[in-house]
Amino acid sequence: MKVIKDIRIYKSDVENIDGNSLPISFEDKELIAIIRRIVMKLRENNFSLGEFDHLYINFTTCTVNGEIALSKRSVDRYYSWYRYYDVNISDNMFSELGNPELRNEVVNLIRKVLIQNFATGSFDEKQICLCFTQALEQGENMLMKFKEKVTEKRKVIIYLRFLNKCQYLPLLRVLDMEDKILFETDLPETPDLNYLGNIQVSNKKVTVKPRKNAYTKTIQPLVFEYNLDEIV
């Protein structure tokens with residue numbers, strides 16, 4: 001069972017089957033940010049889609065059994081980590097996809113897809129709806145625990161926030177073992193998470209090292225020093 005990683009939205013006016021053109025994405029940056037926050041909250045709570053972790057929702061004017069269904073397009077054996085689910089919508093809604101006035105309707109349909117197809121005894125409809133509610137109500141201020149480093153005396157947590165402009169704004173907190181905040185600071189905005197790798201912590205310093213990959217060779221670690229004597 002894989003924890004969810006992504007939900008992406010597409011549209012198509014031809015049947016989503018082998019041989020036909022693939023569904024295409026539609027642009028609404030703020031809607032994409034809303035969906036990203038929903039996924040973050042679901043992921044934080046270990047919500048699973050089963051054997052795959054990327055859900056591609058295709059809004060279509062074509063007939064769909066039961067209005068929502070797993071697409072008839074074959075699973076790509078090389079990219080088996082995603083599945084298409086087709087959602088039948090009206091011609092009018094199809095022509096207006098990307099319009100900010102339709103955001104709530106699109107979000108409600110995404111919630112319906114998850115409830116109808118992925119709710120389980122261990123993660124039921126109520127829990128799915130709670131994740132949606134938290135993401136929608138908290139918006140850009142929503143925090144998702146991303147990384148944690150625990151020592152005998154300190155806890156360092158990196159939280160993620162996701163802005164409407166589709167950038168992450170991480171927050172770093174240093175806490176004592178009773179969860180009193182000793183130090184916190186915003187980290188640099190970023191479109192990806194490459195600079196958030198290993199965390200090292202001592203009594204008066206936190207170092208955040210970048211991930212080890214081809215994109216981080218020139219990224220320097222972030223170092224934060226703090227004076228506990230100045231903390232009330």
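Axes here are lines fitted to C-alpha atoms, for helices over the stretch in contact, and angles run from 0 to 180 degrees between N-to-C directions. Helices (H or I, at least four residues) and strands (E, at least two) are DSSP runs, numbered from the N terminus. The model is a predicted one, with local features needing pLDDT of at least 70 and side-chain atom pairs counting only at pLDDT 80 or more, while totals for chains, interfaces and linings use all residues. Residues are numbered from 1 along each chain as its sequence is written, and side-chain values use heavy atoms, leaving out hydrogens and water.

Start with helix 1, which runs over residues 29–44. Its 16 residues reach 22 Å from the first C-alpha to the last, close to the 22 Å expected at 1.5 Å a residue (the expected span is 1.5 Å times one less than the number of residues). Quite a list of its residues is buried, including Leu 31, Ile 34, Ile 35, Ile 38 and Leu 42; buried means under 20% relative accessible area, exposed over 50% and partly exposed in between, with a 1.4 Å probe and protein chains only. The cover over these buried residues includes strand 2 (6–12), helix 3 (103–118), helix 4 (125–138), strand 8 (144–150) and strand 9 (155–160).

Helix 3 packs against helix 1 at an angle of about 30 degrees, the axes lying 10 Å apart. The two are therefore roughly parallel to each other (under 35 degrees; over 145 is roughly antiparallel, 65 to 115 roughly perpendicular and the rest oblique). Glu 30, Leu 31, Ile 34, Ile 35, Ile 38 and Leu 42 of helix 1 make the contact with Arg 103, Val 106, Val 107, Ile 110 and Leu 114 of helix 3, where contact means heavy atoms within 4.5 Å.

Helix 4 meets helix 1 another way: their axes come within 9 Å and cross at roughly 130 degrees. Helix 1 and helix 4 are therefore oblique to each other. On the helix 1 side the contact is made by Ile 34, Arg 37, Ile 38, Lys 41 and Leu 42, and on the helix 4 side by Cys 131, Phe 132, Gln 134, Ala 135 and Leu 136.

Just after helix 1 comes Asn 46, with a positive phi of about 65 degrees. Asn 46 sits in the loop between helix 1 and strand 4 (48–50) and, at 54% relative accessibility, counts as exposed. Asp 179 also has a positive phi, about 70 degrees, although it is not a glycine. Its place is the loop between strand 10 (171–175) and strand 11 (181–186), and at 46% relative accessibility Asp 179 counts as partly exposed.
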